[in-house]
Amino acid sequence: MRIYKVGGAVRDRLLGIPVTDIDWVVVGATTEEMLAKGFRPVGADFPVFLHPKSGEEYALARTERKSGRGYGGFTFHASPEVTLEEDLIRRDLTINAMAEDDQQNLTDPYHGQRDLEARLLRHVSPAFAEDPLRVLRVARFAARYAALGFTVAPETLELMRQLSESGELEALTPERSWKEISRALMEDQPQVFIEVLRACGALKVLMPEVDALFGVPQPPAHHPEIDTGAHTLSVLQQAALYKQPLTVRWACLLHDLGKGLTPEEEWPRHIAHEFKGLKLIKAVNERFKAPRDCQELAMLVGEYHTHGHRALELKPSTLLELLQSFDVYRRPQRFEEFIAACEMDARGREGLEERSYPQADYLRGAATAARTVAVQPLLEKGFKGPELGEAIKRERLKALKAYKEQV
Ligand code: CTP
């Protein structure tokens, strides 16, 4: 049997990027031989094994053929006769279809190295279309390697367009899609992921609510970039620049969905877009089964981001309602993430990226003021049940009035 390093490990070594995860392919072996060497079988789908010591993945060389819709619709063929070239040709991109032996000799039948140098994400063969998830993968790689100058080859973008139009993307499971989306959002240039999906028509299928924001104008006084889609991409870019967590990035992507619902005659104003967008945010959240913390923050940011921007003008009672809605007493971290999303929203505007955002500290101060209200003295005064709740609220309101006067 012959063993080769394949995929991302080869690609990233050639790019000079640290390799974290190594995949191996084994040519000329049978399942029985692998088991006899102590490899542990994993996954019911493919002949993949874990190395007894390193735990790294070793897959028998295989060919694949599509036999139905979606990821399950595959038949594969693994046998000692399958060659390395046959295994590599079923892979997604030329830069992912290179193999290396233990002497670092490269097997590169589909010119991955040439495409690495040309900074091109190019599909290996028409078999690319057999897994629609690859549309998202290519967009994610485009985001990851954008800083290195990579772009999607025109013929690959065309294939991605055909796949998007074919209805195949609908067959993806929420879990597989979310894995790609969440990884892409955590890249340094997550806006490129959305741009590439849009360029091939996949955004319209996967997130029509986000796609609908392009071409929708906003008032130039607050939004010099005017276009709501362009604004959303800038907000996402700021979130990456400021190393925000996934929750914040997800909320940034979805915060203005309501603007896509504004009737044209009301443009460029978007009255009550915060509230109108909530059902769209909920739909996107559920479509991809986003984790609960991402879902919650996206809904809260959608509803309250304008409150964040107007923080200094809010009446103490409105400020209190905001803090209560976030349950800032038990969930301080979530309120911090809300503030971060608002700040990214304020910075994601053309020419205003460097502006200061005094609302952030003001909101933090308000949360601290409300939190300092002690419950014990109220208990001692004999308040209980709903009356206690009301008394706490009154004290918090007092604290917020004092805070507002003092700032
Ligand atoms: N692969 C593929 N099509 C997919 C998934 C994976 O062709 N839908 C192939 C590619 O050759 C890829 C390899 O399997 O390089 C390993 O896949 P994976 O570990 O998911 O990705 P990497 O390329 O290693 O990239 P990353 O750094 O994002 O993990």
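By a polar contact I mean a pair of N or O atoms within 3.5 Å. This is a predicted model, in which local features need pLDDT of at least 70 and side-chain atom pairs count only at pLDDT 80 or more, while totals for chains, interfaces and linings use all residues. Residues are numbered from 1 along each chain as its sequence is written, and side-chain values use heavy atoms, with hydrogens and water left out.

Let me begin with the ligand. At Asp92, a backbone N or O atom lies 2.8 Å from one of the ligand's oxygen atoms. Asp131 instead places a polar side-chain atom 2.9 Å from a ligand nitrogen atom, and an N or O atom in the side chain of Arg144 is 2.8 Å from an oxygen atom of the ligand. Taken alone, the ligand exposes 560 Å², an accessible area from the Shrake-Rupley method with a 1.4 Å probe, and the protein buries 80% of that.

As general background, nonpolar side chains tend to be buried together in soluble globular proteins.

Terms used. Polar contact = N/O pair within 3.5 Å; in protein donor to acceptor, adjacent residues only side chain to side chain.
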